[in-house]
Amino acid sequence: MKKVYLGLFTLVVATSASAQFNNSIVSIKQSRFDNFNVKAKKVSPAAKSEGDVVWANNFTTAADWTMGTNPTGTPPHTAGPWNIVNVMPATLVSQAPTYGFPTSMASASGGNFALIDSDAAGGSATQNAWIQNTTNIAMADSLTANGSPLNTAIYLKFTEIYRHFQDKNFVQISNDGGTTWTTIAVNPVSEVPVNTNSANPETEIVNITAAIGGGNWSNNVKVRFLYNGNWDWFWAIDDVQLIEAYANDAKFTNVYQATDITTTQGLDYYRVPVSQTAFPGITFGADVLNNGGASQSNVTFKATGPSYSQTSAVSIIASGAMDSLEITTPFMVPAGAGSSTINLTTDLGVTDGDPSNNQRTMTIVRDPYLYGRDDNTITGSIAQVSSQNDVELKIGNVMEIFSNMTLTGIQVRLVNQPLAVGQEINCVIEKFDVGADDFVYLGETEFHAITTPELGTFITIPMEGGDLPLNAGDVILVMAHHLDGADEVAFGYAQPTAEGTVLGYTANDERFQLTTPNAIMIRLSEDPSLSVAENAANVNVAVYPNPVVGEATIEVNGAVASTITVVDLAGKVVYSSNVAEGTSKVSFSTTNFSAGVYTVNVATSAGTVTKKMVVKN
């Protein structure tokens with residue numbers, strides 16, 4: 001294996017020795033046309049009571065707004081500006097049945113709304129475009145009329161609809177008539193993963209008080225919406241309001257869970273099999289934003305579940321600041337099969353003005369057979385990484401084995417990708433070897449040809465060569481694997497997870513880690529129905545390396561091989577060998593084979609065993 005020595009992250013293995021894994025960092029090559037249902041980010045209810053509204057506009061009068069572009073920005077704007085419209089474009093509406101995004105702006109005011117349509121601009125165009133109010137907002141006068149201080153914390157509230165790919169959305173606030181701007185990202189990838197659709201509409205509430213930098217609001221306030229894109233989808237805005245913020249409002253920007261980092265690899269797990277009796281439990285954390293106007297001196301993070309209630313240490317968080325809070329006492333997943341719901345919230349010691357934005361739940365499953373790190377909600381997919389078009393890929397999660405288990409198969413989530421039908425995939429496991437200071441091959445599943453009913457579902461593939469034992473203390477890498485071809489198979493991914501824990505191999509066998517990774521939806525299975533003896537005498541036959549380049553080796557254990565035949569997909573025998581008595585291993589050249597999938601039949605003294613072999617010449 002060619003290694004790229006970048007020294008990017010470290011895991012602590014079970015022996016307490018440190019191991020440096022050397023991986024390239026790559027970005028994901030995704031299709032903006034991935035098609036599956038995803039859950040929109042959690043938003044505050046539109047009907048909740050805010051503070052006093054100090055300014056509002058619903059695009060009824062187009063002259064109230066000015067549109068512009070940044071042709072020398074990053075990216076430079078080339079085509080696709082903002083527009084004020086009253087219906088969604090027909091070109092978008094025609095695609096909604098396939099991709100499931102809203103086809104109208106169901107805002108409270110109705111009528112006009114602002115829209116930027118990156119899809120219509122096409123693949124060669126880039127957008128760096130904005131829309132802002134034309135006349136300065138007299139914020140100081142409005143606050144004075146309300147009897148409020150001029151440094152009052154202010155929310156920007158608006159309704160929105162979107163489908164996102166890899167675009168970026170921002171709000172910008174100026175307190176000096178547009179000379180200087182404070183930029184705040186909205187709809188970040190942590191909340192809105194790739195190929196996510198909004199509700200219709202969603203309500204966005206952003207604390208913009210940072211724009212006054214500790215000073216006072218003026219009468220020269222401008223509000224701007226900025227969009228960066230390149231053949232992405234769209235973003236639509238309506239019912240823009242500036243509102244006096246709640247004094248007390250904590251908001252989750254991220255919540256997460258993992259095993260205890262001081263004694264384990266510190267990985268997130270959402271499905272744990274009953275066999276993992278030594279599983280050490282789950283700890284919790286959250287990034288908490290003080291979204292209110294008052295500094296908070298008594299912020300805690302709480303997690304409650306079955307026979308479990310824990311609170312973090314107290315944090316002091318200034319208005320507009322954020323802190324990470326942790327619960328280190330683990331939730332011990334019940335031993336019996338079933339689901340446990342963990343409720344996560346914050347406590348300010350006073351009434352929270354908007355409790356809806358600091359409440360989350362997590363479901364942890366004790367499964368009869370399955371062991372996985374994904375939270376069971378598909379948020380995107382991966383078919384390839386950057387600069388690797390139409391070639392082989394392996395991608396998966398690092399996992400830790402806490403109790404001995406017997407692996408009978410691997411489960412992986414496919415997306416709804418009709419061109420994947422008929423293509424063959426399998427899954428591969430590697431184990432971290434302390435002596436080699438690297439992951440080494442451990443085993444793999446059989447190859448499996450995808451069928452139409454399997455699209456958009458989990459499929460489970462039995463292990464090649466029979467059951468595979470995994471031992472307590474093992475650190476493994478379990479990967480989904482597709483072959484080359486123009487129609488690359490895409491595997492589902494779920495929640496964002498820690499960097500350095502989602503790894504893979506490119507076609508030239510370079511290991512990499514993903515930037516801003518999401519957990520791959522791949523799970524270990526101990527389902528006994530997958531455990532099938534190869535024949536009555538339990539003969540084990542191995543074909544390696546697989547895929548094969550140049551030379552293949554067939555090794556037989558438990559019986560004496562007598563005849564080996566290799567058959568292509570058309571049924572033609574491309575290799576045959578009679579093996580002498582006492583021979584248990586044979587090697588042969590594949591240099592004259594066409595690239596593809598072959599069937600290897602090994603006739604032994606105990607019966608015939610069939611294997612799949614992939615040739616890559």
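Is S307 buried or exposed? With a relative accessible area of 86%, S307 is exposed, where buried means under 20% relative accessible area, exposed over 50%, and partly exposed in between, computed with a 1.4 Å probe on protein chains only. The model is predicted, so that local features need pLDDT of at least 70 and side-chain atom pairs count only at pLDDT 80 or more, while totals for chains, interfaces and linings use all residues. Residues are numbered from 1 along each chain as its sequence is written, and side-chain values use heavy atoms, with hydrogens and water left out.

**View 1. The protein as a whole, with four helices and 49 strands.** Helices (H or I, at least four residues) and strands (E, at least two) are DSSP runs, numbered from the N terminus. Of the 617 residues in the protein, 53% are buried. Among contacts (heavy atoms within 4.5 Å) between residues at least 6 apart in sequence, 78% join residues at least 24 apart.

**View 2. Helix α4, residues 139-146, and what covers it.** M139, A140 and L143 are the buried residues shown in this helix. They lie on the same side of α4, because they cover an arc of only 100 degrees around the axis, the arc being that of the directions from the helix axis to the C-beta atoms. T144 and A145, on the other side of α4, are exposed. The cover over the buried residues of α4 includes β5 (53-57), β10 (154-164) and β16 (234-244). Just after the helix, G147 takes a positive phi of about 75 degrees.

**View 3. Aromatic pairs, with F101 and W233 as the example.** A search of the whole structure finds 21 aromatic pairs, where rings of Phe, Tyr and Trp (its six-membered ring) pair if their centres lie within 6.5 Å, and planes under 30 degrees apart count as stacked, over 60 as edge-to-face and the rest as tilted. The ring centres of F101 and W233 are 5.6 Å apart and the planes stand at 50 degrees, so this pair is tilted. F101 belongs to the loop between α2 (96-99) and β8 (113-117), and W233 to the loop between β15 (222-229) and β16, so the pair ties together parts that are 132 residues apart in sequence. F101 counts as buried at 4% relative accessibility, and W233 is buried with a relative accessible area of 0%. One aromatic cluster is formed by W82, F158, F225 and W235.

**View 4. R224 over the rings of W130 and W181.** The charged end of R224 sits over the ring of W130, 4.0 Å from its centre, a charge being over a ring if NZ of Lys or CZ of Arg is within 6 Å of the ring centre and within 35 degrees of the ring normal. R224 also lies over the face of W181, at 4.1 Å from the ring centre.

**View 5. The second largest pocket and its lining.** On a 1 Å grid over the protein atoms alone, a cavity is a set of points where a 1.4 Å probe fits but cannot get out, whereas a pocket is an open set with protein on both sides within 12 Å along at least five of seven lines, and lining residues have an atom within 4 Å of a point. The volume of the second largest pocket is about 930 Å³, taken as the space filled by probe spheres set on the points, with grid points joined across faces, edges and corners. Its lining comprises 39 residues, of which Y441, G443, E444, Y544 and N546 lie nearest the centre. Strands that each supply at least two lining residues are β29 (393-400), β32 (424-433), β33 (438-444), β36 (468-470), β43 (540-544) and β44 (551-557), and the largest share, six residues, comes from β33.

View 6. Most residues other than glycine have a negative phi, and most peptide bonds are trans.
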